[in-house]
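Subject: Structure handover

Hello,

Here is the structure for you to look through. My notes on what was found follow below it.

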Amino acid sequence: NSTPVRYAQLFDVFEDVKSFANRGTSGIDGCVSTALGAAWATQKNTLLLVGDLSFFYDANAFWNRFSEKFLKVVLVNNSGGGIFRYLPGSSECEELEEFFAVKHQNTASWVQQRFGVGYRQVHDQEGLAAALPEFFASTQTEVLEVFTPIKDNAKMLRNYFSALKK
């Protein structure tokens, strides 16, 4: 979950928006639980931006009786630990796929049936733009799963940082 925190730092935040980050052990422990707790404690709209491995690791947080209508989850599913394709060292390592990236083909579609939360998925920018208004207007906890191409993510991030330097 350290990738969304790194990305969030690239943008200005509105003065009335509070940001919190929970990195946990190795970056994946307790992200969903923390967001649910924040939504319950504040009774305010709460957005969790989380990667797939962090989400799947802590998805049972929805099992609790405190699941809040205020929580909206944007789940970035790039089919594995994409940050390791960007970081020096691991990105050049021949063991990248087997031991770092944890490549998978899982989706979070089961959260709706198992936990009764709303679920939507998108695969491109147009789908995301179309889904966001209903996602944020929903009166229940919602998960919006955004699929991104794992092999392109690191390249896009490097290009973005290059453009910022210019």
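Start with a term: a residue is called buried when its relative accessible area is under 20%, exposed when it is over 50%, and partly exposed in between (1.4 Å probe, protein chains only). Please keep in mind that this is a predicted model, where local features need pLDDT of at least 70, side-chain atom pairs count only at pLDDT 80 or more, and totals for chains, interfaces and linings use all residues. Residues are numbered from 1 along each chain as its sequence is written, and side-chain values use heavy atoms, with hydrogens and water left out.

Helix α8

Helices (H or I, at least four residues) and strands (E, at least two) are DSSP runs, numbered from the N terminus. Helix α8 covers residues 150-165, and its end C-alpha atoms are 24 Å apart, which agrees with the 22 Å that its 16 residues should span at 1.5 Å a residue. That expected span is 1.5 Å times one less than the number of residues. Which residues of α8 are buried? They are Ile150, Asn153, Ala154 and Leu157. Seen down the axis of α8, the buried residues fall within an arc of 90°, so they line one face of the helix; the arc is that of the directions from the helix axis to the C-beta atoms. An α-helix has 3.6 residues a turn, so residues three or four places apart point the same way. Lys151 and Lys155, on the other side of α8, are exposed.

Strands

In strand β2 (residues 71-77), six of the seven residues are buried. Two strands pair if DSSP finds at least two bridges between them. Strand β1 (residues 46-51) runs parallel to β2, joined to it by six bridges, and Thr46 has Leu71 as its bridge partner in β2. β2 also pairs with strand β4 (residues 142-147) in the parallel sense, again over six bridges. There, Val73 stands opposite Val143 in β4.

Salt bridges

A salt bridge is a side-chain nitrogen of Lys or Arg within 4 Å of a carboxyl oxygen of Asp or Glu. How many are there by this rule? The count is two. In one, the closest N and O atoms of Glu134 and Arg120 are 3.3 Å apart. Glu134 sits in helix α7 (residues 125-137) and Arg120 in strand β3 (residues 118-122), 14 residues apart. Arg120 also forms a salt bridge with Glu142 (3.0 Å, N to O). Arg120 lies in β3 and Glu142 in β4, so this pair ties together parts 22 residues apart in sequence. Shared partners join Arg120, Glu134 and Glu142 into one network. Glu134 is exposed at 54% relative accessibility, Arg120 is partly exposed at 23%, and Glu142 is buried at 3%.

Regards
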